[in-house]
2 protein chains.
Amino acid sequence: MEAIQVDDPAGVDVDTPAGVDGDARPAVRKRDREATRRRILDAARDLFGQHGYGGVTIRMIAAEADANTALVHRYFGSKADLFAEVLSGESVLRGVIAGGPEGLPRRLAEYFAHQVEHRSVTSVSRLLDRSAGHPEVKQSLLRYLEDAIVEPMVAQLDGPNPRARALLASTILMGGGPVRRLFGLNDLREADPDELTDRLTAMFTAALAP
Amino acid sequence: MEAIQVDDPAGVDVDTPAGVDGDARPAVRKRDREATRRRILDAARDLFGQHGYGGVTIRMIAAEADANTALVHRYFGSKADLFAEVLSGESVLRGVIAGGPEGLPRRLAEYFAHQVEHRSVTSVSRLLDRSAGHPEVKQSLLRYLEDAIVEPMVAQLDGPNPRARALLASTILMGGGPVRRLFGLNDLREADPDELTDRLTAMFTAALAP
DNA sequence: ATCCTATGTAGACGGATGTTTACTTGCAAC
DNA sequence: GTTGCAAGTAAACATCCGTCTACATAGGAT
């Protein structure tokens, strides 16, 4: 869990004949603010997606990005700020939701079912699920859900109480996180994928119907 | 968040005339293993229910139970063990699920809607939600969900893939936690309670139907 | 009244974490 | 080549946490 110390003084042994180390990084890296910032952000996105906010330390992020811990704070302020920036870059669900109200339940169902079929080590739902219960990122999570899910969904709904209906659909989406985390995927794969999608479509339809 | 230090040396001032302190506890308590154990367990149940596993410290529990930190470990082993014991005592949902398959979707919907109407500071869903992402209690959570939700639900289901259907219903239940935590209750109360219950019934029916 | 044990207590230990500080060094403008 | 600043580094700081150890004492058995 620790001991990922990068004990390469990065100055000794400048002429490493060829990259013998696993990572394909140059023996001595150019100083590049933007590149470093991006490496940190990418590492943070991966790690937060895998282990959630609480499961990741600044030192883990720095090690994964092959950067110094202090740089994380220099470029992003605090851990919570970095998390917020990672989250603000996610936009997969927005694309799923866009596309017109008729097919919306089915598109949501297919997104859900897709996550059951192809386990992605990193995904937004995984990140949301595993970051629950950390008050310092509640605002970031709320903003993401509002901007990327609820608001675009409400924009497509006719009839009364669109917001309550969108929240019920979100409930299904968010429930997938804990269920997958605890039970794994095999139980949900019990039936064939098409039946799962059909059933989910019916659930989303019930949540969203006017 | 801290400084709940109980600085009562508990021996000085033995003859406090009457309980002037807010808590109705005797100035000097009798030594009582069972009572102390129960106080700790009750405090743990309340606090875990409010803040989740990670949001509660052993010191908070001890302070709330007016006991010593070491006693928590003496009586319960570790924090994770204490959490498991708290969880094993919860059985509200089992009662909701029992009662026959026909009314099951509606009973689940009413349970869900009830939590929207009467915000209980402590509840199982709240506890489950806020304890996500802590690997050391994953097994406890899984066991609870399996024993108290999925297994009793499966026992009532006819038709194919009962387990996958039960998991989909659980998805709705578990999604309620994050949604309530982040959005609060007002948005879901947009419509009148009966309509909410009806809609949830339809969702659970879609999840569970053969 | 005297022991003895289970109950309760105080405090430390070891480790982890977010964050900051003081320093070094690459790089480019002059 | 010199210099100044931004990029990068090492190490510490300040907490906080779960857990454990060594000690005090209440209260029943003798």
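A residue is called buried if 20 or more other C-beta atoms lie within 10 Å of its own, exposed if 12 or fewer do, and partly exposed in between, with the C-beta atoms placed from the backbone. Helices, for their part, are DSSP runs of H or I with at least four residues, numbered from the N terminus. The structure is a predicted model, in which local features need pLDDT of at least 70 and side-chain atom pairs count only at pLDDT 80 or more, while totals for chains, interfaces and linings use all residues. Residues are numbered from 1 along each chain as its sequence is written, and chains are lettered from A and ligands numbered from 1 in the order in which they are written.

With these terms in hand, consider helix 10 of chain B, which covers residues 193–208. Its 16 residues reach 22 Å from the first C-alpha to the last, close to the 22 Å expected at 1.5 Å a residue, where the expected span is 1.5 Å times one less than the number of residues. Among the buried residues of this helix are B:L196, B:L200, B:M203 and B:A207. Their cover includes helix 9 (162–183) and helix 10 (193–208) of chain A, together with helix 6 (104–117) and helix 9 (162–183) of chain B.

In soluble globular proteins, nonpolar side chains tend to be buried together. A nonpolar core is a set of buried Ala, Val, Leu, Ile, Met, Phe, Trp, Tyr and Cys residues joined through C-beta atoms within 7 Å, and the largest one here has 112 residues, of which A:A169, A:M203, B:A169 and B:M203 touch the most other members. Leaving aside residues up to four places away in sequence, A:A169 touches A:L108, A:M153, A:F204, A:A207 and A:L208, contact being defined by C-beta atoms, placed from the backbone, within 7 Å.

The contact between the two chains takes 37 residues from chain A and 38 residues from chain B. On the side of chain A that touches chain B, helix 9 gives the most, with 15 residues, and by class this side has 20 nonpolar, ten polar and seven charged residues. In this count Ala, Val, Leu, Ile, Met, Phe, Trp, Tyr, Cys and Pro are nonpolar, Asp, Glu, Lys and Arg are charged, and the others, Gly among them, are polar.

How are the two copies related? A rotation of 180 degrees with 0.0 Å of shift along its axis superposes chain A on chain B with an RMSD of 0.1 Å, which is the relation of a two-fold axis. The superposition is by least squares on the C-alpha atoms of residues with pLDDT of at least 70 in both copies. Of the residues of chain A, A:G175 comes closest to the rotation axis, its C-alpha lying at 1.7 Å.

The surface near DNA strand C divides into seven nonpolar, eight polar and eight charged residues.

Two loop residues of chain B remain. B:D66, in the loop between helix 2 and helix 3, has a positive phi of about 55 degrees although it is not a glycine, and B:D66 is partly exposed because 16 other C-beta atoms lie within 10 Å. B:N161, in the loop between helix 8 (138–154) and helix 9, has a positive phi of about 50 degrees, but B:N161 is buried, with 20 other C-beta atoms within 10 Å.
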